[in-house]
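Student: I have a chain open and want to go through a few places in it. Can you take my questions as they come?
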Amino acid sequence: MRIGLTGGASTPDKIIEQARRAEADGFTSLWYASVVTGDPLVAMALAGRETTRIELGTAVLQTYPCHPLLQANRAASVAAAMGRPGFTLGIGPSHEALIRDVYRMSYDHPGRSTEEYLTILTSLLRGHDVDFKGEDWSTRSAGRMVPLSHPVPVLLAAMAPRLLRVAGEHADGTVLWMAPARAIETHVAPRVRAAATAAGRPAPRVVAGLPVALHDDLTEARAAAAAHAATYGGMPNYQRILAIGGANDPADAAIVGTETSVRHQLQSLLDAGATDIWAAVFGIGDTPAARAASARRTVALLRELLDPTDPNPHATTSELAKQRSTR
């Protein structure tokens, strides 16, 4: 399995140490929220210089507060600072409660805004000058884009049909949060793959992110998952994808249980169409020591499930298919 973990810590030094440890353990990737150290990009660039192969991705940076030309140049700066391939830019329109109520910006047309944003951003990151005038985003880049020293793939946080189409047409795939296996199989994977095929794009990545914890008492595990992921239950976007996946709430979607059960649930994500798993490990227990021990147990299982023969953690899904066919 291609398995990544949630990235982030309280200081850049701790983020670097986490990345070194995750790479040494064989994990494919680390995924950083936009709030990590206030802005994760500087810490990610530092971690990228201190590692050699692990993918470092944002999951996700919001589109609205940052113009796509500036976003593309920020991404180019991280790639140059890392000095190697492996930075992936995950972006998304975020949620109305944040964009409208916190940033005080309009959230009237998130689908249109994101499509225009991706049109500009991905063209810039593929080395093209862009002269585009849209309803929400416009630019005349005219040489203002820094050349990329290494490719920067783009993943879109997409759950609605329009954004899944946009992810297939313009991005390199989608990075998901709170999408159960049934939602991936019936809703996400068919739409994003069909859009990529129609646009003549390579097969897209589908990164499936969910809370993960090993625990023998399922009732206690679900209760801990409910506390860990309580924030997401009240957000309309997550409510919709959970319902499509047959889950009542975030705790119902979390991957919890014994070693055998968690193995089966993780495999079901891949069988449903995910290409990568983003395991948001959380601990279960009444004390910090108990929760830390619980998390170590979960990480130990995840290490066992990693694919030790994967020669290229940054391969596209098309390249991965070719690798498998030659083994």
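Student: Is E55 buried or exposed?
Tutor: E55 counts as buried, at 1% relative accessibility. Buried means under 20% relative accessible area, exposed over 50%, and partly exposed in between, with a 1.4 Å probe and protein chains only.

Student: Where does E55 lie?
Tutor: In strand β3, residues 55–58. Strands (E, at least two residues) and helices (H or I, at least four) are DSSP runs, numbered from the N terminus.

Student: What does the side chain of E55 make a polar contact with?
Tutor: With the side chain of T88, at 2.5 Å. A polar contact is a pair of N or O atoms within 3.5 Å; within protein, one must be able to donate a hydrogen and the other to accept it, and residues adjacent in sequence count only if both atoms are side-chain atoms.

Student: What sort of model is this, and what are the ground rules?
Tutor: This is a predicted model: local features need pLDDT of at least 70, side-chain atom pairs count only at pLDDT 80 or more, and totals for chains, interfaces and linings use all residues. Residues are numbered from 1 along each chain as its sequence is written, and side-chain values use heavy atoms, with hydrogens and water left out.

Student: Different spot. Is D13 buried or exposed?
Tutor: D13 is exposed, with a relative accessible area of 61%. D13 is found in helix α1, residues 12–24.

Student: Now β9. How many of its residues are buried?
Tutor: 5 of the 5 residues of strand β9 (residues 173–177) are buried, so β9 is largely enclosed by the rest of the structure.

Student: Which residues are on which side?
Tutor: G173, V175 and W177 are on one side of β9, T174 and L176 on the other, and all are buried, so both faces are covered. In a regular strand the side chains alternate between the two faces of the sheet.

Student: Which strand do bridges join β9 to?
Tutor: Strand β10, residues 205–214, by 5 bridges, and the two run parallel. Two strands pair if DSSP finds at least two bridges between them. V175 has V207 in β10 as its bridge partner.

Student: What about the whole chain: how many helices and strands?
Tutor: There are 13 helices and 12 strands. The radius of gyration is 19 Å, close to the 20 Å that the globule rule gives for 327 residues, so the chain is as compact as a globular protein of that length. That radius is taken over C-alpha atoms, and the rule is 2.2 Å times the number of residues to the power 0.38.
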